[in-house]
Amino acid sequence: MKSKHINKYVIIRADRAGVFAGTLKSKDGSEVKLTNARRIYYWSGSASLSQLAREGVKNPIECKFAMPLDEITILGVIEIIPVTSLAEKNINAVPVWKK
């Protein structure tokens with residue numbers, strides 16, 4: 001069954017890989033491919049992933065969002081959350097966290 005979220009910006013939560021935001025390219029069972037994907041290591045100013053997907057974050061400077069990847073395959077996906085256009089802009093505006 002094709003996911004209704006294909007080609008849409010989503011937040012995914014994986015069983016062991018954590019949380020990512022990006023455009024859903026494909027889904028096969030619990031395996032997804034995201035493009036323009038960022039690992040969401042830590043967020044501030046949002047109580048949950050649900051709020052993050054609807055509103056974004058209130059404290060972007062305190063967040064730890066990794067640099068975007070052109071494409072990533074993630075196994076063990078247990079949740080796919082559609083993201084509003086407001087939250088997508090907010091997520092993409094968070095500075096890249098790196099060492």
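Tutor: A salt bridge is a side-chain nitrogen of Lys or Arg within 4 Å of a carboxyl oxygen of Asp or Glu. By this rule the count comes to four salt bridges. The model is predicted, so local features need pLDDT of at least 70 and side-chain atom pairs count only at pLDDT 80 or more, while totals for chains, interfaces and linings use all residues. Residues are numbered from 1 along each chain as its sequence is written, and side-chain values use heavy atoms, with hydrogens and water left out.

Student: Why is the contact between R13 and E79 called a salt bridge?

Tutor: The N to O distance between the side chains of R13 and E79 is 2.7 Å; the rule asks for within 4 Å, so the pair is a salt bridge.

Student: What makes this pair tie together parts that are 66 residues apart in sequence?

Tutor: R13 lies in strand β1 (residues 9-14) and E79 in strand β6 (residues 77-82), so the pair links those parts. Strands (E, at least two residues) are DSSP runs, numbered from the N terminus.

Student: Why does R13 count as partly exposed?

Tutor: Buried means under 20% relative accessible area, exposed over 50%, and partly exposed in between (1.4 Å probe, protein chains only). R13 has 34% relative accessibility, so R13 is partly exposed. E79, at 27%, is partly exposed.

Student: How do you know that E55 and K58 form a salt bridge?

Tutor: Their side chains meet at 3.3 Å, N to O, and the cut-off is within 4 Å, so the pair qualifies.

Student: Is K58 buried or exposed?

Tutor: K58 has a relative accessible area of 53%, so K58 is exposed, whereas E55, at 39%, is partly exposed.

How values were computed
Helix = DSSP H or I, 4+ residues; strand = E, 2+ residues; numbered from the N terminus.
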